[in-house]
Amino acid sequence: MAYVYLITNLINEKKYIGSSRKNQIDKNYYGSGRAIKDALKKYGEKNFQREILWEGKGDARIIETY
């Protein structure tokens, strides 16, 4: 299983899109990129909203790019 997610900073409305290939959706995973890690540290997890945009079998990286 794979999924693509959208994370929105509720303070400045910046958006981060990412993908993961795990057996199930990890509600605590916000990505591994430097930008999102820095933002989470600065604003705190409570100021972010996470949405699943797509989930299924296949290459989530292609969907993420689209």
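Predicted model: local features only at pLDDT ≥ 70, side-chain atom pairs only at ≥ 80, totals over all residues.

Reply: Residues are numbered from 1 along each chain as its sequence is written, and side-chain values use heavy atoms, with hydrogens and water left out.

The protein has two helices and three strands, where helices (H or I, at least four residues) and strands (E, at least two) are DSSP runs numbered from the N terminus. Along the sequence these elements follow the pattern β-β-α-β-α. The radius of gyration is 12 Å, close to the 11 Å given by the globule rule for 66 residues, so the protein is as compact as a globular protein of that length. That radius is taken over C-alpha atoms, and the globule rule is 2.2 Å times the number of residues to the power 0.38. The C-alpha atoms fill a box of roughly 35 × 20 × 20 Å, taken along the principal axes.

Of the 66 residues, 33% count as buried; buried means under 20% relative accessible area, exposed means over 50%, and partly exposed lies in between (1.4 Å probe, protein chains only). The accessible surface comes to about 4900 Å², and carbon and sulfur atoms supply 47% of this area. Accessible areas come from the Shrake-Rupley method with a 1.4 Å probe, and for residues only the protein chains shown count as cover. Among contacts with a separation of 6 or more, 55% involve residues 24 or more positions apart, a contact being heavy atoms within 4.5 Å. There are 13 positive and 8 negative side chains, and the centres of the two sets lie 5 Å apart. Lys and Arg count as positive and Asp and Glu as negative, without His or the chain ends; each charge is placed at NZ of Lys, CZ of Arg, CG of Asp or CD of Glu.

Strand β2 itself covers residues 15-20 and includes S19. S19 counts as buried because its relative accessibility is 19%. Its side chain makes a polar contact of 2.7 Å with the side chain of E64. A polar contact is a pair of N or O atoms within 3.5 Å; within protein, one must be able to donate a hydrogen and the other to accept it, and residues adjacent in sequence count only if both atoms are side-chain atoms. Beyond the neighbours within four places in sequence, S19 is in contact with Y3, V4, Y5, A60, R61 and E64.

I17 also belongs to strand β2. With 48% relative accessibility, I17 counts as partly exposed. When neighbours within four places are set aside, the contacts of I17 are V4, Y5, L6 and E64. From I17 to I62 the distance is 12 Å, C-alpha to C-alpha, across 45 residues of sequence.

The loop between β1 (2-9) and β2 contains E13. E13 has a positive phi of about 65 degrees although it is not a glycine. Most residues other than glycine have a negative phi. E13 is exposed, with a relative accessible area of 61%.

Strand β3 (residues 48-56) contains E51, which is partly exposed at 33% relative accessibility. Apart from residues up to four places away in sequence, E51 touches V4, Y5, L6 and T8.

L40 counts as buried, at 17% relative accessibility, whereas Y43 is partly exposed, with a relative accessible area of 24%. Leaving out neighbours within four places in sequence, L40 is in contact with Y30, E45 and F48. Y43, under the exclusion of residues up to four places away, touches N9, I11, N12 and F48. F48 thus occurs in both lists, by the cut-off of heavy atoms within 4.5 Å. L40 and Y30 are 10 residues apart in sequence and 8.6 Å apart in space, C-alpha to C-alpha. Y43 and V4 are 39 residues apart along the chain, and their C-alpha atoms are separated by 23 Å.
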